[in-house]
Amino acid sequence: MANLNRRQFLQTLGLASAAAATLTFSQLSKAADARPHVVVVGGGFAGATAAKYLRYWSNAIDVTLVEGNATYYSPILSNLVLNNQRNLGQISFNYNTLAQKYGVKVIQEWADSINAPNQSITLRNGAVLNYDRLIVAPGIQFMDVPGLDSNKIPHAWQAGAQTTLLQQQIAAMPAGGTFVMTIPAAPYRCPPGPYERACVVADWLRINKPGSKVVVLDANPAITVEPTIFGTAFAQYGVQYVPNATLQSVDSDQKIAYTSAGEFKASVLNVIPPHRAGDLVTKSGLANVGGGRWAGVNPLSYESTAVPNIHILGDSQGTGQPKAGHIANAEAKVCADAILRLLAGQQPYAAPVTNSACYSPISSDTASWLTAVYAYDLASGTMKLVPESFGAAAAPSNKYYNRMFDWTTNLFNDTFA
């Protein structure tokens, strides 16, 4: 996935004449009295891609990326830290290239609040940034679970220290112990991720902790994605899969999960709480769909349906597209193109297409894959799955395991390099 110039990107969207739709710097300059300023909050796959491509496609705007962390740890491949196939250093990224190569101004600070009428955001340190367009991509926030202390019972669903904690707990688990993990009701970040984690951990325990058991407590009525692949792997590894097991509370000291399907005591308990949009989205009045959990957006531009001039990308958006890194990267390019058009007084492209792709490790040397295309549906104003685009592996293999690293390298480079 090499860097796309704007002509190439527009061609991937199916424009008959990409050249005709490409905006010139002079057009942008005439759209405002001063250089337009786009502020991007959040430096994950969505935010970093948007910041990069806005500058890659136009030198006529200023772009500021606001991110509280100096280092981003990719959730993609983070399950391989649990079985020692990768370490955190191999999935960590900084923003130096975005700043030095693309001219993105990077501010390491947390965004505290949005003043929509004044088109400004206030940072935690008190600084105020004015914007012409604001992109908010804060990822997910976890909903409260009674009794849950994530310092004792890790989720490891935001990679970094939590990943290390869970890896250490698994390594210290006694032979014959029980690893229990919970999966929240959809939608949640990375649909295949919990199932791949169960497989990776079960495979590692089988070899390193004989007699151990893996229990999967799924709030969903069935495996949500690749059911044949994961169901077969669960049977092979002896994973106890419990559907319709809604998490009710946790005893973090005794490592007990209380669910609608009963209580489960663990040697290692991995609780992935239910998700909602990031705090900045919810407290700014942007979370207006899904019972107030997600941000409604116009998928032509990802502009909020609640507040103008603010765009929401990635895990916090509520378009119905998967919440995952690869498609967040695709959404970001659609958004960047739309913002450049809007700043030039034009309308967003009317038929955007995004792609969701994912490789999932099943063991220490095999993986599966799936892919799907989403296209804008004019009648409903939503992004809909193109049925004939869906594809998935028939079975996991070593070949797919090796291709997984090609896929991630391309995605990482397209986002951060």
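I started with helix α11, residues 325-343: at 1.5 Å a residue its 19 residues should span 27 Å, and its end C-alpha atoms are 27 Å apart, which agrees. The expected span is 1.5 Å times one less than the number of residues. Helices here are DSSP runs of H or I with at least four residues, strands are runs of E with at least two, and both are numbered from the N terminus.

I noted that this is a predicted model, where local features need pLDDT of at least 70, side-chain atom pairs count only at pLDDT 80 or more, and totals for chains, interfaces and linings use all residues. Residues are numbered from 1 along each chain as its sequence is written, and side-chain values use heavy atoms, with hydrogens and water left out.

**Burial of the helices.** I checked α11 next. Of its 19 residues, 19 are buried, so α11 is largely enclosed by the rest of the structure. Buried means under 20% relative accessible area, exposed over 50%, and partly exposed in between, with a 1.4 Å probe and protein chains only. G345 follows α11 and has a positive phi, near 80°.

I then took α8, residues 193-208. Its 16 residues reach 22 Å from first C-alpha to last, close to the 22 Å expected. In α8, 13 of the 16 residues are buried, so this helix too is largely enclosed by the rest of the structure.

**Cores.** I looked up the largest nonpolar core, which has 74 residues. Such a core is a set of buried Ala, Val, Leu, Ile, Met, Phe, Trp, Tyr and Cys residues joined through side-chain atoms within 4.5 Å. L54, I114, I121, L134, I135, I310 and L313 touch the most other members. A second, separate core of 33 residues includes F142, C199, V225 and A233.

Leaving out residues up to four places away in sequence, I135 touches, among others, V38, A50, H311, C335 and I339. Contact means heavy atoms within 4.5 Å.

**Lining of the second largest pocket.** I counted 26 lining residues; P191, Q321, P322, K323 and Y374 are the closest to the centre. The lining divides into 17 nonpolar, 8 polar and 1 charged. Ala, Val, Leu, Ile, Met, Phe, Trp, Tyr, Cys and Pro count as nonpolar, Asp, Glu, Lys and Arg as charged, and the others, Gly among them, as polar.

**A loop residue.** I ended at A394, in the loop between β27 (391-392) and α12 (398-416). A394 is exposed, with a relative accessible area of 78%.

Notes. 1 Å grid on protein atoms, 1.4 Å probe; cavity = no way out; pocket = protein on both sides within 12 Å on 5 of 7 lines; lining within 4 Å.
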